[in-house]
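Subject: Structure handover

Hello,

Please find the structure below. My notes on it follow.

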Amino acid sequence: MSNILCIETASTNCSVALGVNGKVVAVKEDYDQGYSHAERLHLFINDILKDNNLELSNLDAIAISKGPGSYTGLRIGVSAAKGLCFSLNIPLISVPTLTALAYQVNTLETKGEFVIPMLDARRMEVYTAVFDASGKQLEDTSAKILDDTSYSEYLEKGKVYFIGSGVDKFKAICQHENALFIDNKMPSAKEMVAIASAKNKISDHEDVAYFEPYYLKDFMAG
């Protein structure tokens, strides 16, 4: 049996999930509009373990959402994950935040469709990537400034699903008939479970001592 604790703190959603043999068995998360990670994260971890009659020593790996996203949120999540891995001597698994967000869109039964996750950045900018319907990443993660012609090459080919905290920005300027906007969705630890399990099976682990979040852009104080 493989128990993997998944931690997502890249956005305002503080989210923890427990995966057993690649299946989600428990989730605790808080979609607070503020950042409550420092106060909630360890409480959520303790609650999930207690509710499932597990101890920290029963965990086989920790998975962390690696970014991009909130600088502070990522630091809190990664610090907690690395601390647990050090103390328990178990592997650390990183999951790209946008990959897990894209997994929330189920387009596997369709043809010629795309999924574009978006995390809100500054002004008209988003952190984004492009995936096809099978989950294959077609464009590298980047910081993109949106305009009314963004993603036209994909919109002309078929239906495109946009998901994440940056959706409202693009929804306001994109009128294309093939654009489908999925509102009120944030990255969640639930979608990390399957990805983390697959990576764990092939020992795709991080160096706990040297792993750092993927910030994408340098931190700028507000």
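Predicted model: local features only at pLDDT ≥ 70, side-chain atom pairs only at ≥ 80, totals over all residues.

The structure has 7 aromatic pairs. One of them joins Tyr 151 and Phe 170: the ring centres are 5.6 Å apart and the planes stand at 80 degrees, so this pair is edge-to-face. Tyr 151 sits in the loop between strand 8 (137-145) and helix 4 (152-155), while Phe 170 belongs to helix 5 (residues 167-171), so the pair ties together parts that are 19 residues apart in sequence. Tyr 151 is buried, as is Phe 170.

Phe 170 also pairs with Phe 181, again edge-to-face, at 6.2 Å centre to centre and with 70 degrees between the planes. That pair links distant parts of the chain, with Phe 170 in helix 5 and Phe 181 in strand 10 (residues 179-182), 11 residues apart. Ring pairs join Tyr 151, Phe 162, Phe 170 and Phe 181 into a cluster.

**Leu 155**

Leu 155 is found in helix 4. Its relative accessibility is 2%, so Leu 155 counts as buried. Apart from neighbours within four places in sequence, Leu 155 is in contact with Ser 150, Val 160, Phe 162, Cys 174, His 176, Asn 178 and Ala 179. The C-alpha atoms of Leu 155 and Glu 113 are separated by 8.9 Å, although the two are 42 residues apart along the chain.

In soluble globular proteins, nonpolar side chains tend to be buried together. Here the largest nonpolar core has 25 residues, and Leu 5, Ile 45 and Ile 62 touch the most other members. Two or more residues of this core come from each of strand 1 (3-8), strand 2 (14-20), helix 1 (37-51), strand 4 (61-65) and helix 2 (71-88). Neighbours within four places in sequence aside, the contacts of Leu 5 are Val 16, Ala 17, Ile 45, Ile 48, Leu 59, Ala 61, Ile 62, Ala 63 and Leu 84.

There is also a second, separate core of 15 residues, which includes Val 126, Val 160, Val 167 and Ala 179.

**Helix 6**

Of the 10 residues of helix 6 (residues 192-201), 7 are buried, so this helix is largely enclosed by the rest of the structure. The buried ones are Met 192, Val 193, Ile 195, Ala 196, Ser 197, Lys 199 and Asn 200. They pack against strand 1, strand 2, strand 3 (23-30), strand 4, strand 5 (92-95) and helix 3 (97-102). After helix 6 comes Ser 203, with a positive phi near 55 degrees.

**The whole chain**

The secondary structure of the protein amounts to 6 helices and 10 strands. The radius of gyration is 17 Å, close to the 17 Å that the globule rule gives for 222 residues, so the protein is as compact as a globular protein of that length. The C-alpha trace spans about 50 × 40 × 30 Å along its principal axes.

Buried residues account for 50% of the 222 residues. Among contacts with a separation of 6 or more, 61% are between residues 24 or more positions apart. The accessible surface is about 10900 Å², and carbon and sulfur atoms contribute 48% of it.

Regards

Definitions and conventions:
Residues numbered from 1 in each chain as written. Heavy atoms only, no water. Phe/Tyr/Trp six-rings, centres within 6.5 Å; stacked < 30°, edge-to-face > 60°. Helix = DSSP H or I, 4+ residues; strand = E, 2+ residues; numbered from the N terminus. Buried < 20%, exposed > 50% of the residue type's maximum accessible area, 1.4 Å probe, protein only. Core = buried A, V, L, I, M, F, W, Y, C linked by side-chain atoms within 4.5 Å. Contact = heavy atoms within 4.5 Å. Rg over C-alpha atoms; globule rule 2.2 N^0.38 Å. Areas by Shrake-Rupley, 256 points an atom, 1.4 Å probe, with all protein chains shown as cover.
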